[in-house]
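My notes follow in the order in which I checked things.

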Amino acid sequence: MDKIAVGPEAVGQIDINASVLDNLKAVAKAKNKDIQDVVATILNRDRHSKIIHELREAGARIKLINDGDVAGAINTAFDLTGVDILFGSGGAPEGVIAAVALKCLGGEIQGKLVPHSDEEVERCGKMGLELGKVLRMEDLVRGDDAIFAATGVTDGELLRGVQFKGHYGETQSVVMRAKSGTVRFIDGRHSLKIKPNGLID
C-alpha cells in the first residue's frame, strides 16, 4: 500500500495523488511552517529513492526509519516526535492499523493498494478491492468504535522499549479510543520471579 499520513493540524490538506512538493506545501501551510522546517518520515528502502530525492529537492527535513511505518504514521499526530508527515509504501495491514490509531488521534491517512504479484491482484479482486482507488479514513476504519493499543519493544520516539531490571521488567504502552478521543500512556512493572518461564504479561 502506498501511504501518506498526517496529524490533526493537516487533516484534509493532503492528497496521495498530488506531488511530494504539493503535499509538503500543504502541510507547511497548515502547520504555519516553512517547508524547510517540515519533517517527513519514510522507511529507508530502495523503493523510496525517488520520494527521498524529491523531499531533498524541496528542502524538507527527512527522518529515515528502518522499520515500523505504523509508528511513523502515529508519530505525525504527536508534537513531541517532531514528525509532520509520512510518505512511502508498506504493508496494507499496517496501513489499516495506522488508520485505527490516527482515527483515535484525529489524524488522517490515505492509501492505495499496490499489489506486487498476480496472486495479490487476484486476492484483491476476490475481496472486492478496487486497485488504484484512494482509500480514505472511512474506507479503512468505519465509524468510531475503534481502539488501538501498543507496547514499546525497543525505544522509539513515542514509547520506551522493555527494560529489564533484576527481578522485574518495565514496559510502556499507549491505549487510545476513537469514540472518546482518550489517549492513555501506561507504565507497567512486571515481576520476573513469579511469571511462568520469566515471561512478561
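**Sheet and pockets**

I looked up lysine 3 and found that its bridge partner is glycine 88, in β4. I am working from a predicted model, in which local features need pLDDT of at least 70 and side-chain atom pairs count only at pLDDT 80 or more, while totals for chains, interfaces and linings use all residues. Residues are numbered from 1 along each chain as its sequence is written, and side-chain values use heavy atoms, with hydrogens and water left out.

I then followed β1 and β4, which pair in the antiparallel sense over five bridges; two strands pair if DSSP finds at least two bridges between them, and strands (E, at least two residues) and helices (H or I, at least four) are DSSP runs numbered from the N terminus. I read the order of the open, five-stranded sheet as β3-β2-β4-β1-β5, with mixed pairing, and noted β3 (61–65) and β5 (108–112) as its edge strands, each pairing on one side only.

I turned next to the pockets, a pocket being an open set of points on a 1 Å grid over the protein atoms alone where a 1.4 Å probe fits, with protein on both sides within 12 Å along at least five of seven lines; lining residues have an atom within 4 Å of a point. For the largest pocket I noted a volume of about 990 Å³, the space filled by probe spheres set on the points, which are joined across faces, edges and corners. Of its 40 lining residues, Met1, Asp2, Lys112, Leu113 and Val114 are the closest to the centre.
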